[in-house]
Amino acid sequence: MRQNPAETLRRVLPKIREVLHVAGVEMQLTAAVSFLTVLQEESVSIHTYSHSFLHIILQNLEHRDAGVSNAWLETLLAVIEALPKETIRHEILNPLVSKAQLSQTLQSRLVTCKIMGKLATKLEALIIKREILPLVKSLCQDVEYEVRTCMCRQLEHIAQGIGTELTKTVVLPELVELARDEGSSVRLAAFETLVNLLDMFDADDRSQTVLPLVKSFCEKSFKADESILVSLSFNLGKLCNGLYGIFTPEQHLRFLEFYKKLSTLGLQQENGHNDNQLQLQTLELEKKYILVRKNCAYNFPAMIVFVDPKNFHLELYSIFFCLCHDPEVSVRYTMAISFYEVAKLLNSGVYTIHKELVTLLQDESLEVLDALVGHLPEILELMTNGGENSGSESKLLSIPDLIPALTTAEQRAATSLKWRTHEKLLQKYACLPHIISSDQIYYRFLHRMLTIILTNNVLPVQKAAARTLCVYLRYNRKQEQRHEVIQKLIEQLGQGKSYWNRLRFLDTCEFIMELFSKSFFCKYFFLPVLELTHDPVANVRMKLCYMLPKVKSTLKIPTDKHLLQQLELCIRKLLCQEKDKDVLTIVKRTVLELDISVDAFQKRFYESDLLDQEKERQEHLLLEMEQLENGKQQNEERSANINDKMFEKKRRDSKTSSVLAKSITLSVPGSSSGTSAGKEDKKSKLVRSQSFNTQALHPKYSNIDKCPNKSSATGYTSSVSAMGKSCMLSFSDDSFQTHSVGNSGNTTFPSSSSRNLFTSTDQKNNGNRESQSRKMSIKNRKSNS
């Protein structure tokens with residue numbers, strides 16, 4: 001048909017028609033596929049096709065083998081989509097009237113049902129009402145439940161063809177009757193069709209007809225009609241949201257409780273007998289319950305809409321927890337797939353499901369992890385910036401246990417044989433600079449990426465790790481850390497002993513050129529790349545030669561003229577000294593792409609590159625931000641040190657004042673406890689005196705000796721010394737003399753910086769003490785005289 005359609009139709013097709021009458025199953029299936037291929041490739045016009053092939057297709061529709069019949073039916077349905085309406089009416093619709101009779105075979109009536117469903121989407125509503133609807137009613141009342149089931153599933157297409165009014169008067173009564181059919185498969189088909197047609201029914205139909213049917217299905221699903229349980233769990237989300245407007249609060253609560261019951265179905269079962277038949281039944285029932293819980297996981301986002309996201313924590317969080325911790329992998333897998341939808345719906349309340357995210361990241365099944373990783377960047381973005389009402393405290397608290405979960409997930413993927421999951425995970429981890437801090441990435445993820453590049457044996461995984469490492473380096477905010485990583489890349493990869501590592505270095509350089517500015521690449525990687533032109537392994541030199549045009553495009557003339565000279569020198573050496581013929585061929589081919597002439601180079605590449613300028617601007621911005629942060633941190637540390645020293649000085653001064661007051665009190669004759677107290681005070685004052693003398697003050701206060709408060713402090717010192725001497729003259733007891741000497745020695749502060757730190761309050765107190773000491777000395781002199 002592709003080469004000579006006219007001769008094929010004239011000479012080959014008649015032979016095929018003769019053979020198909022007696023052909024076996026394989027030939028019948030091949031013929032059906034070939035006829036469909038001819039239609040899809042449009043080897044002939046649709047008119048020629050219908051004239052030549054349509055009759056053969058219709059003749060083989062009623063083949064006794066169900067597989068062959070379905071293959072020809074699929075071809076016919078595809079042909080109906082392309083045929084003109086007149087051809088459909090005359091060639092297909094008219095013969096259907098006879099094939100829909102009870103006298104026809106079961107297979108013929110089943111085929112008729114499916115054809116009518118397809119015709120309803122192609123013909124006008126008037127023709128459907130006049131010619132197709134009578135056949136539909138007849139087949140809905142067929143004696144065979146298979147026919148009733150098949151026709152019931154086509155009612156959705158027929159309803160779309162005839163419109164809302166006829167659906168309400170013709171299709172809905174048929175569905176209500178089929179929903180009460182004795183055959184469970186018929187009831188199931190009626191229920192699913194009813195759910196799919198909810199949008200075509202008005203509020204009255206939903207409340208008076210559909211809702212009572214749905215309630216009866218729910219009541220019977222646990223008792224007499226478990227066959228509908230799986231379908232009910234699958235369609236419950238669509239059902240609840242479709243009927244939301246007509247629910248009373250009681251009905252709303254009832255359907256929510258029904259969903260909760262389905263979500264935990266089969267998790268708590270009583271121990272049965274050990275009978276084999278009973279065990280077999282229990283196994284089948286358990287499989288059905290697992291499917292029900294999986295469907296509940298599938299419908300979870302719809303149920304959040306049903307209860308309103310604001311009520312999630314109160315109404316659905318417990319179910320969400322159970323589904324994320326379900327013992328079956330398929331249930332957790334479905335929850336992992338729908339996790340992003342749940343996070344989007346919760347918006348500002350997304351922090352409430354953080355623990356479940358950590359749980360799924362640490363799941364023992366890599367299938368669950370693979371399902372979750374698909375939308376991991378979006379999920380993490382929502383977790384850290386999820387809405388206005390989610391406070392920063394909850395988001396900051398959520399980060400610490402998230403990071404170990406991410407590292408654990410990567411390590412588990414690395415130790416498995418599913419390298420595609422590992423590759424996908426590493427690619428998605430490139431989002432982390434937007435989620436967590438630069439230091440956290442540096443200490444927990446960046447070095448891990450370098451280790452993967454050096455040790456992993458799977459090339460796609462190594463490349464994914466290399467690109468993610470470059471992204472981390474791009475957003476790293478500390479120049480010292482960036483230099484360390486660059487140095488490791490050059491030493492461990494570019495100068496590594498294994499040629500495989502040197503190849504990965506070139507891969508990494510390609511990512512550097514993609515993500516960084518041209519000036520960054522030229523500054524750190526241009527020369528290390530050129531050094532590989534002398535590599536002993538031909539494959540490394542070959543890969544480098546392929547990269548040379550890209551490498552040259554990073555140069556800016558005349559700024560990088562010296563680098564251009566180095567590049568020219570390396571190319572000349574390769575042309576003159578290269579011994580490997582494959583490398584030499586690539587070098588010669590590359591030279592044609594390279595324009596070594598400086599003038600031509602300037603003409604092509606000296607023009608401003610907006611994208612490169614933006615990258616360079618961002619890199620300078622990172623450096624400026626780092627300098628600002630360092631300056632801010634130094635200022636904070638400086639002010640904190642000053643505040644600490646001020647506080648310590650005040651505390652020590654207050655202690656000193658209190659000790660002086662005690663020493664005066666202890667000078668009264670007849671005191672019995674003076675000896676022991678004096679020794680302890682002497683020790684503390686000696687230690688405090690040493691700390692005052694060795695105290696280091698911030699440079700800001702280095703000129704503190706010039707402060708005018710010096711005189712007042714000196715006056716205070718002399719008064720205290722005089723007071724100490726007067727106390728020594730007053731008492732002859734050794735213990736009191738020791739105590740007084742300690743006071744006088746300790747209160748003479750030699751450090752000018754310490755003197756300046758006394759407050760005005762302290763000065764007032766000092767004045768009072770000075771007057772007291774003078775009065776005491778006068779009294780002592782009078783008594784002595």
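The contact is made by Leu211, Val214, Lys215, Cys218 and Ser221 of H12 together with Gln251, Arg254, Phe255 and Phe258 of H14, where contact means heavy atoms within 4.5 Å. By class, the residues of this contact of H12 with H14 divide into five nonpolar, two polar and two charged; here Ala, Val, Leu, Ile, Met, Phe, Trp, Tyr, Cys and Pro count as nonpolar, Asp, Glu, Lys and Arg as charged, and the others, Gly among them, as polar.

What you see is a predicted model, in which local features need pLDDT of at least 70 and side-chain atom pairs count only at pLDDT 80 or more, while totals for chains, interfaces and linings use all residues. Residues are numbered from 1 along each chain as its sequence is written, and side-chain values use heavy atoms, with hydrogens and water left out.

Helices (H or I, at least four residues) are DSSP runs, numbered from the N terminus. H14 covers residues 249-263, and its axis and that of H12 come within 12 Å and cross at roughly 35°; axes are lines fitted to C-alpha atoms, for helices over the stretch in contact, and angles run from 0 to 180 degrees between N-to-C directions.

Next, select H20 (residues 354-361) and H22 (residues 376-385), whose axes come within 11 Å and cross at roughly 150°. H20 and H22 are therefore roughly antiparallel to each other. Their contact is made by His354, Leu357 and Leu361 of H20 and Leu376, Ile379, Leu380 and Met383 of H22, with six nonpolar, one polar and no charged residues.

**Into the interior**

Which residues touch the most other members of the largest nonpolar core? Among its 201 residues they are Ile115, Leu119, Phe300, Ile353, Tyr429, Leu432 and Phe525, a nonpolar core being a set of buried Ala, Val, Leu, Ile, Met, Phe, Trp, Tyr and Cys residues joined through side-chain atoms within 4.5 Å. Helix H26 (residues 459-474) gives the most to this core, with nine residues.

Finally, select leucine 493 in helix H27 (residues 479-494). Leucine 493 is buried, with a relative accessible area of 0%, where buried means under 20%, exposed over 50% and partly exposed in between (1.4 Å probe, protein chains only). Not counting residues up to four places away in sequence, leucine 493 touches Leu450, Ile453, Leu454, Lys488, Asn501, Arg502, Phe505 and Thr508. The C-alpha atoms of leucine 493 and leucine 454 are separated by 7.7 Å, although these residues are 39 residues apart along the chain.

Definitions and conventions
Helix = DSSP H or I, 4+ residues; strand = E, 2+ residues; numbered from the N terminus. Parallel < 35°, antiparallel > 145°, perpendicular 65-115°, else oblique.
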